[in-house]
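Today I'd like to go through the aromatic rings in one model. Please have the sequence and the structure open.

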Amino acid sequence: MASCRRSSPSSARVGENVANLTPELALLRDETRDLAKRYGLDFYEVIFELVDHDELNMVASYGGFPTRYPHWRFGMEYEQLSKSYAWGLSKIYELVVNNDPCYAYLMRSNAITEQKLVMAHVYGHCDFFKNNAWFGQTSRKMMDVLANHGARVRRYMDRHGVEQVEDFLDVVTSLDNLIDPYSPFVVRDEGKPRDPDASREVRKIAAKDYMDRFINPPEFLERQKRQLQQDEQQSRRFPARPARDVLKFLLDHAPVELWQQDILAMVREEAYYFAPQGMTKIMNEGWAVYWHSKLMTQHLVEASEVVHYCDTHSGTLATRPGQINPYKLGVELFRDIEHRWDTGKFGDRYQACDDPEIRRRWNEPTRLGRKRIFDVRRIYNDVTFVDEFVTPEFAEDQKMFVYGRNPQTGQLEVVDRDYTKVKSQLLDALTNFGNPIIRVVDGNHHNRGELYLVHDWNGADLQFDQAQLTLAGLQKLWGRPVHLETREGGKGRLLSFDGKEATTKEITATTGAAALAFGKGKAPDA
């Protein structure tokens with residue numbers, strides 16, 4: 001059962017906010033809010049709304065935005081959530097919103113103990129939304145933005161027909177992961193336009209004739225000349241540098257109608273809004289669980305509610321061997337960080353100690369744990385969080401091993417205790433949300449207006465059937481053949497789609513676009 005399932009922003013009925021709560025819940029809200037602030041949590045105003053399970057499923061099916069644009073996949077999600085709840089397979093305890101003010105939904109059928117837990121959990125999320133650096137570029141008025149998107153899409157449906165607009169949405173939403181989640185934080189210096197009359201000769205250092213070959217070695221001048229030629233060739237490319245934000249490239253250059261361009265811009269804006277939530281899932285949930293457990297166990301739980309609270313809380317953190325629960329991993333990492341910085345288990349002296357028993361008993365009270373977890377909450381994302389703080393001791397304590405099923409007994413057993421393998425797999429799954437990184441390297445391939453993309457291959461092969469579907473979507477927007485360079489088992493592959501036929505062929509490493517993008521080698525024929 002999914003406890004405290006969290007979604008992204010909602011578009012609540014603002015006028016009903018406070019009056020919708022019962023007097024008892026309103027008092028609990030005030031008490032929980034004051035406790036959270038006393039501990040140093042900092043959040044926007046939080047507005048709670050009570051809803052029935054069917055209303056909550058409806059809001060969740062829209063990703064938290066009930067006034068979002070209409071699309072069949074939202075109905076499909078609603079059916080799945082409704083049946084899962086009706087059959088007792090899952091339950092959404094709350095829905096919380098990254099917005100100013102924050103909005104949170106409480107299920108009316110929750111017991112009072114669950115409402116206390118959910119409120120404390122929500123204040124943890126809202127603090128994280130406001131203070132984590134990766135949310136710094138997200139709109140804090142996204143409820144209004146998404147309502148505006150919905151109105152514009154409905155207007156386009158009235159004008160161009162529901163089927164045509166929905167078909168276009170099918171294509172664009174299937175490509176909404178082709179963005180660069182780091183681009184909002186990067187200020188690119190494009191530099192001044194190149195002067196066409198500027199000298200492209202290699203500049204030599206002034207020297208006497210007899211010293212010239214030593215001051216300006218011929219090999220060095222030849223390398224510089226080749227570099228200038230490559231730079232010149234790259235500057236004439238379209239795009240000038242490989243573009244990871246494929247949606248932005250399509251928005252700027254794809255031959256689509258104005259209404260289609262507007263919808264593409266909407267989907268891209270929403271993708272960037274949701275991206276930080278995918279980048280911080282483990283941290284965000286861990287932070288919320290840390291604070292709901294702190295507030296509940298030390299302040300809010302009555303003696304008669306302990307068993308009920310423990311049952312609900314343990315359901316949230318339940319984990320089976322071989323699986324990662326983001327709630328569990330996140331909160332345990334925050335607790336471990338707090339303990340380590342409270343007892344001095346950090347710094348050069350601690351790292352230099354190679355005696356396991358001394359490290360285990362190490363205790364130099366510094367009381368820096370609470371400050372440290374607030375600092376971590378502010379600047380890390382899941383990749384850096386796991387990479388830096390999953391230590392050998394933590395992995396051993398949390399049993400982060402490689403598990404396999406014994407063919408004779410049928411029982412799960414530890415196959416490998418090397419935690420780095422689990423950590424490496426987890427980091428791979430977290431990097432770019434587990435999606436392949438694709439870049440546009442040529443928008444005019446072979447001077448035929450064809451689109452050429454390259455997959456940043458890191459040892460994991462693409463699912464070619466899914467890749468061909470992606471190429472089909474790109475081709476519908478680009479209007480010309482589309483090619484994707486990748487590898488399969490280390491061998492170069494070129495996937496192509498011309499609007500009618502999907503093809504795959506082998507290419508060499510020196511003719512692919514990965515080399516082409518940096519001015520090396522020759523472009524492969526497609």
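Tyr290 is buried at a relative accessible area of 3%, where buried means under 20%, exposed over 50% and partly exposed in between, with a 1.4 Å probe and protein chains only. Trp291 is buried too, at 0%.

Before going on: this is a predicted model, where local features need pLDDT of at least 70, side-chain atom pairs count only at pLDDT 80 or more, and totals for chains, interfaces and linings use all residues. Residues are numbered from 1 along each chain as its sequence is written, and side-chain values use heavy atoms, leaving out hydrogens and water.

How many aromatic pairs are there in the whole structure? The search finds 28. Rings of Phe, Tyr and Trp (its six-membered ring) pair if their centres lie within 6.5 Å; planes under 30 degrees apart are stacked, over 60 edge-to-face, and the rest tilted.

Trp134 and Phe185 have ring centres 5.0 Å apart and planes at 70 degrees, so this pair is edge-to-face. Trp134 is in the loop between helices H4 (112–131) and H5 (142–160), and Phe185 in the loop between H6 (162–173) and H7 (212–215), so the pair ties together parts 51 residues apart in sequence. Helices here are DSSP runs of H or I, at least four residues, numbered from the N terminus. Trp134 counts as buried at 16% relative accessibility, whereas Phe185 is partly exposed at 34%.

Back to Tyr290 and Trp291: they pair edge-to-face, 4.9 Å centre to centre, with 80 degrees between the planes. Both belong to a cluster linked by ring pairs, whose members include Tyr39, Trp287 and Phe389.

Notes: Helix = DSSP H or I, 4+ residues; strand = E, 2+ residues; numbered from the N terminus.
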